[in-house]
Amino acid sequence: MPIRLCFLLLLLLIVRDVRALDPSRPMDSYIRIRFTNENGLPANIVGDILQSQDGFLWLIVNGYELTRFDGRRFTGFDQPKNVLALALAPDGDLWVGTRDDLERIPAAALNQFGRLPAISYHPGPGNSSRINCLHFSREGMLWVGTEEGLYRFDGDAFTSIIPRLAIGRIEEASNGHLLVITSQGFMEWDGSRAVQHTELAAQLGVRTDRIFHVLEDSRGVTWFCTEKGVARRINGSIEKLPIYGLGNGAYRAYEDPRGTVWIAKIEGLFRATAAGMELAVADMNVRYVYSDRDEDLWIGTNGDGLFRFKDRAVRMFTTADGLPNNVIMTVMASEDGGLWTGANCGGLSRFDGRRFQTYNEKNGLLNTCVWALAEDANHDVWIGTYGGGVFRFRGGSFKQYSKAQGLASDRVTGIVPARDGSLWLATRDGVSRMRDGQVRNYTTVDGLSNNIAFKVYEDRTGGIWVGTRQGIDRMVGDRFVNLSSIPKTLALPIGEDRSGGFYLRVGEGDPAGGIFRVENNRPIYVAPNIEPTDMVETEQGDLWLNGTGILRVPPGGLQRLYRQDEPVDYATFGRADGLTSTEASVGQPNSALTRDGKLWIATSQGLAMLDLPRLPTTERKPAIYMEEVTVGRTPQPPGHELVLPPGTNHVELRFDAIELSSPEKIRLQYRLDSVDSEWLDAGAPAHAIYTAIPSGTHALHLRACNRDGIWDRVGIVYNITQQPYFYETRLFLLATVTAGLLLLGGLYRLRLHQATARINTRLEERHAERTRIARELHDTLLQSFHGLLLRFQAASNLLPTRPDEAKQRLDNAIDRAAQAITEGRDAVHELRSSAALTQDLAVAISALAKELSAEQTGQNFPDLRVQVEGTPRDLDPILRDEVYRIAAEALRNAFRHAQARRIEVEIRYDERQLRVRARDDGKGIDPKFLGGQGRAGHWGMNGMRERAEAVGGNLAVWSEVDSGTEVELTIPASIAYAESGARRRSWFSGRLLGNRKMKP
């Protein structure tokens, strides 16, 4: 036998549990679940069935469609098409026979969606590739039944074994022979040849082609399904099982893991017994029978859908079994092995293993609304009733204790016979203690948190605890003291485990509620959202918590400290297990464990019994897989990872765990890295929705518990990559950082350049200031002093002959000297008073000409004419001063140096420019002084050029010796005229001030 096959068989033995259908039970005791097209099954005709190693159930639906089932959802596949047969290889690959070929789907691809990847094979030409049936032998050999013969596939090639016959069924006998149904009847392949048993048809009374199926079971019995019914061969003798004859045809036989043989007949599904056959399900048109690895039985039918049969985990006892009614409030196991139950307004019942004996008013139990039971050290049974107080049952008679005997209330909901011989009673009006015939009542005056006491409990140390609606109290001395660290809400003591842990249930539908373990009077939160009212511990250490649900916690499950988001291991039991109510009753106690290992739970729908040694268990981890992904509104196969385009704002992911037997017990959680701060419950159906996933690759963690409630805390990881916009990429970030660094570097260099420029500018300012002062001194102070000298000389010449006129000249000179001092002070202090005394440039120049004429002594005054052409325009004030100073310097030179007879000043306001031209007919200027340097010690010509350049103008000088001089200043209109706009004035002013560095 191949090593791989041995390993798989060993693995099967390890994970196998005792879940197979118990053949000793009647069929109506099994839980039967039907799946049809209303439950998602593609069609109600179901053929071949098998389970792959990952747990999926594979079906052929409607005669040709391959369908997968995970326990909750059916998924149909378009490829392969026209499926006729299925087989699972020892390595887990799924082999699919179709009308056209044989296909092999790798085990790793069986959890995918969409088109399944497959390798196609053709055993032979034509109908030799129409596959009718498949079978893997115990040695792992694949046998292929086709429309044109039987083939053997050894991994490399197909070998024809039985040619030219249609093959319908293939089974394997204990000796390794193949039992083959062909178009010519039943044949046996013995390893070397095909043996046709012609005598068998005669023994069965049918034609050779009317034997439909031959099966040898694990006991060596061979079963024959024929058109007349079922026959079996035991020790060489053939037995025809009744009813055998035409009209009772049988078409298929199947042996389940327990050795039970199931027969598909015309009348329905039958189960073989030692005596023959019993009808299991009438009128069921069976096409296929299969047991999964949990040994549940699956039936594919011809039009009725898919059925699953499994043993009940829970058996319900009701009035049909002898109970007085179905509202069972409390149950108790007595020391003698008996079982006592109390029904609401039904009385007290005792179960001896066969029947219930009920006690009521006729027997002396004056109030039959039984809510609490207890057995004391004398083996007396105490019965708490709702309205009749408490009764003691001893020797077949009842004695009543009620409010008349001193109890706090006649509504008794809890009883505890204490070790010291006292009896504690929880009532709706406080707690009562009975000792030696005396009654002591405790209320809020005695420390109780609330007079409504739900439950009383004695711990291993003899401490008395009382659960109320406003917390839990402990007896200290002769008073009750509240456990202050517990919230002031419903709190109940539920029991202790063998390790000494004492457990409380806190809350009622409170998100912060659950189970607390008390250590050194300090409660520790151990299980959220679980609200039991009673607890039972089994010999194996399992804790059964019964209340708003019925749960099983594995050994040690409540002793460990869980991390904040770590799930608690526990299994739930409900209707799918056979319970008719998922809640235990509120009576005390509501659960009991008898010596034979049976757990009894009181419910409002009857008494539930769980045979704990027979309960199935599993150590398999849950098989989690990603089912479907919806991006935006578009569903798509999930693949091995998900890549989202930039800007995706809605992603829905559906996932599940494969569980065929008890899918309702599976719980799933998920967490997406970088998005979820904690694990989230997935709910049912399991899904997760995200609306804004950050760019990058994130791991979606999925984890689940198996049907026993044991969590796979590692789970699986499904990567989700959110592609970023370009501006979210690392490249863009790198480029941005680089650009930022370059920008900072550039700013630094700019700042350094600006600082250098400021230093240079200050140096230039100093130089420009010196130049300006020199120019101003030349234009104002020095010129004024030069004029004063001429005035003084004129006065000196007149003083001998005309003293009065000389005195007048001296007075004028003194006035001019005062003006020269003022001009010098203004130049030194950079005062911005206008150089021209009037806004009209022509008038200012004419006034200057009069002053210059007055300075002339002993000479003929030159004839001055100022001419204005064009419409005068307002000039920028700063520019006007500069133009005036340039024109004034030209006039001074003409008056003082040119010896001119005629001087003309022409001011022309053109549309494109301002032009000021001064010309004289004097002696002219030596050409060597017209260059850039000018005359040594004289600044007039240079100053004029600097001023013209500062205002954006152009200064041109023409002169020849004895031919006069002409000075022309032109300034563009966009600079010269004030109405050219604020923008242009700002440019001009900035340029002018930038060159002159003058401050207001």
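This is a predicted model: local features need pLDDT of at least 70, side-chain atom pairs count only at pLDDT 80 or more; totals for chains, interfaces and linings use all residues.
Start with Trp58. It is buried, at 0% relative accessible area. Trp58 and Leu306 touch the most other members of the largest nonpolar core, which has 47 residues. Strand β3 (residues 57-61) gives the most to this core, with 5 residues. Show what surrounds the Trp58 side chain: beyond its neighbours within four places in sequence, its contacts include Asp48, Leu66, Arg68, Phe77, Leu94 and Leu116.

Next, select Phe77, which counts as buried at 2% relative accessibility. The structure holds 39 aromatic pairs. One of them is Trp58 with Phe77, stacked at 5.9 Å centre to centre with 25° between the planes. Trp58 lies in β3 and Phe77 in β5 (residues 74-77), so the pair ties together parts 19 residues apart in sequence.

For an edge-to-face pair, go to Tyr359 and Phe398, with 6.0 Å between centres and 70° between planes. Tyr359 sits in β33 (residues 356-359) and Phe398 in β37 (residues 397-401), 39 residues apart.

Then select Trp95, Tyr121, Phe136, Phe153 and Phe158, which ring pairs link into a cluster. Two charges over rings can be shown as well: Lys265 over the face of Phe270, 5.1 Å from the ring centre, and Arg703 over that of Trp711, at 6.0 Å.

Asp840 caps its N-terminal end, with a side-chain oxygen 3.0 Å from the backbone nitrogen of Ala842. Buried residues of α5 include Leu841, Ile845, Leu848 and Leu852. Among the elements covering the buried residues of α5 are β66 (863-869) and α6 (877-896).

Methods: Residues are numbered from 1 along each chain as its sequence is written. Side-chain values use heavy atoms; hydrogens and water are left out. A nonpolar core is a set of buried Ala, Val, Leu, Ile, Met, Phe, Trp, Tyr and Cys residues joined through side-chain atoms within 4.5 Å. Buried means under 20% relative accessible area, exposed over 50%, partly exposed in between (1.4 Å probe, protein chains only). Helices (H or I, at least four residues) and strands (E, at least two) are DSSP runs, numbered from the N terminus. Contact means heavy atoms within 4.5 Å. A polar contact is a pair of N or O atoms within 3.5 Å; within protein, one must be able to donate a hydrogen and the other to accept it, and residues adjacent in sequence count only if both atoms are side-chain atoms. Rings of Phe, Tyr and Trp (its six-membered ring) pair if their centres lie within 6.5 Å; planes under 30 degrees apart count as stacked, over 60 as edge-to-face and the rest as tilted. A charge sits over a ring if NZ of Lys or CZ of Arg is within 6 Å of the ring centre and within 35 degrees of the ring normal.
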